[in-house]
Each structure stands twice: as C-alpha cells, then as structure tokens.
Amino acid sequence: MRRGGDGRRKTENGRRKKKKVKGQERWLFDLAWTDREVGVCYPMRTTGPNPDSRVMKILVLNGPNLQLLGRREPEIYGRTTLAGIRKLMEARARTLKVSLEFMQSNSEGDLVTAIGESAGRFDGLVFNPAAYTHTSLALRDAIAGAGTPCVEVHLSQIAAREEIRRTSLTAPACIGQVSGFGPDSYGLALEGLVGYLRRAGKG
Ligand code: DQA
C-alpha cells in the first residue's frame, strides 16, 4: 500500500477481499490507481460479483409459429430454423459463461405460466412473443408480475412492418428490445441481458 500525491491510498493489482453483503458472499476489489499509467483513477473500492458464484441461468422463450422458422415466410424471417438459432445462442452462452434453457409454445397460457414460474429459477428471460407481442396484455402482465428481467426479441424489424405489428404490448414490461437483426437479434438480446444482470450484481 502506498500513497499518491493527493494522499489517496494506492493499491497495485486489484487486491481482493471476501465480505458478506446482505447475506450473500461478494468480493470487494481495491482498484484505486491500478491504471495510473493511463491516468485513470477508479473509486477506492468497488463491488463485483463473486467469481465463485453459481452460473447465471437464462430462459429463452419463443411464441407461436416460431417452430416453423426456416420454411415460414423466409423472405421475412430468413432460412435459419429455431434449432439453428438455439445452436447460435448456445455458442454465445458458452462465451458469456451462462447457461440457457429453451422453450417454444403456441399457447399463450403456457407462456404466461412459464414466465410466472421463472422468478427464482431463472436470472433473466430472452423472449420472442411472436404475434402475441401485438395482442397479449396477459403476457405483458406476466412479465411485469414475475419481475424476471426480460429482453424482447424479434427477427424482423417490427417498427418497419404493417401498422398492426408496430405496437408491442409486451415491450413496456421489458428492460429492452432487439428487433430486425434476424437470428442475431437473439444473441444481441442475450448479451444485453447478461450485461444488465452483471451490472446489477447477479451471477
Ligand atoms: C416476430 C414478429 C411478429 O410480428 C410476428 O408475428 C412473428 C415473428 C419476429 O420475430 O420478427 O411471429 O416476432
């Protein structure tokens, strides 16, 4: 430990200490002055997630007709199947070191139930509500009620499609929406969600 010209404590390389915070084991990082060669001064102490904590779990939910991807209106939705999207997401999840579960249902009630049961079982949701996006107050209420952070995802750019698709009833209950990047929308949504959860101190 040394002191700088302004009297602040200096530490060298992110010395870590274990501490109990709200019953949960967290790590405190002494980061002050660790980047002083580039002139950045971090706060003396900042909290970060416990590197030993359990792996973050994300539920990827898909609504009606998405089981038809690959052959369903390929000029709009492309040729990638739902199984193909799942593979792409699993590769991204490995890089992000999170675990995924997948579900597709054509039934609004099953989706409502899955969202309602997600609290405490999953850290977050990536959700393509498909046509229910534009009609389902029940799904919006499920997302708001469960409180599990949710990112809405669409293959197509719904804001640039028919009038009826330009309104999302579900998006206001979500932390964000990714729309228009084809299968990559899912990966981008996952990255955004994981970043959000990590900043919130989960996983
Ligand atoms: C969709 C867009 C919705 O309007 C449509 O009903 C779908 C797919 C998309 O991913 O682009 O089924 O959610």
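The protein contains five helices and 10 strands. The model is predicted. Of its 203 residues, 40% are buried. The accessible surface of the protein is about 11000 Å². Carbon and sulfur atoms account for 51% of that area. Contacts were also sorted by separation along the sequence. Among those between residues at least 6 apart, 64% link residues at least 24 apart.

A ligand is present in the model. Its surroundings are formed by R72, Y77, N128, A130, A131, H134, H154, L155, S156, I158, R161 and R165. The ligand taken alone exposes 330 Å². The protein buries 99% of this area.

Aromatic rings were examined next. Pairs of such rings are described by the distance between their centres and the angle between their planes. With centres required to lie within 6.5 Å, the count of aromatic pairs is zero. A ring does, however, take part in an arrangement with a charged residue. K57 lies over the face of F122. The distance from K57 to the centre of the F122 ring is 5.3 Å.

Conventions. Residues are numbered from 1 along each chain as its sequence is written. This is a predicted model: local features need pLDDT of at least 70, side-chain atom pairs count only at pLDDT 80 or more; totals for chains, interfaces and linings use all residues. Side-chain values use heavy atoms; hydrogens and water are left out. Rings of Phe, Tyr and Trp (its six-membered ring) pair if their centres lie within 6.5 Å; planes under 30 degrees apart count as stacked, over 60 as edge-to-face and the rest as tilted. A charge sits over a ring if NZ of Lys or CZ of Arg is within 6 Å of the ring centre and within 35 degrees of the ring normal. Helices (H or I, at least four residues) and strands (E, at least two) are DSSP runs, numbered from the N terminus. Buried means under 20% relative accessible area, exposed over 50%, partly exposed in between (1.4 Å probe, protein chains only). Contact means heavy atoms within 4.5 Å. Accessible areas come from the Shrake-Rupley method with a 1.4 Å probe; for residues, only the protein chains shown count as cover. A residue is near a molecule or strand if one of its heavy atoms lies within 4 Å of it.
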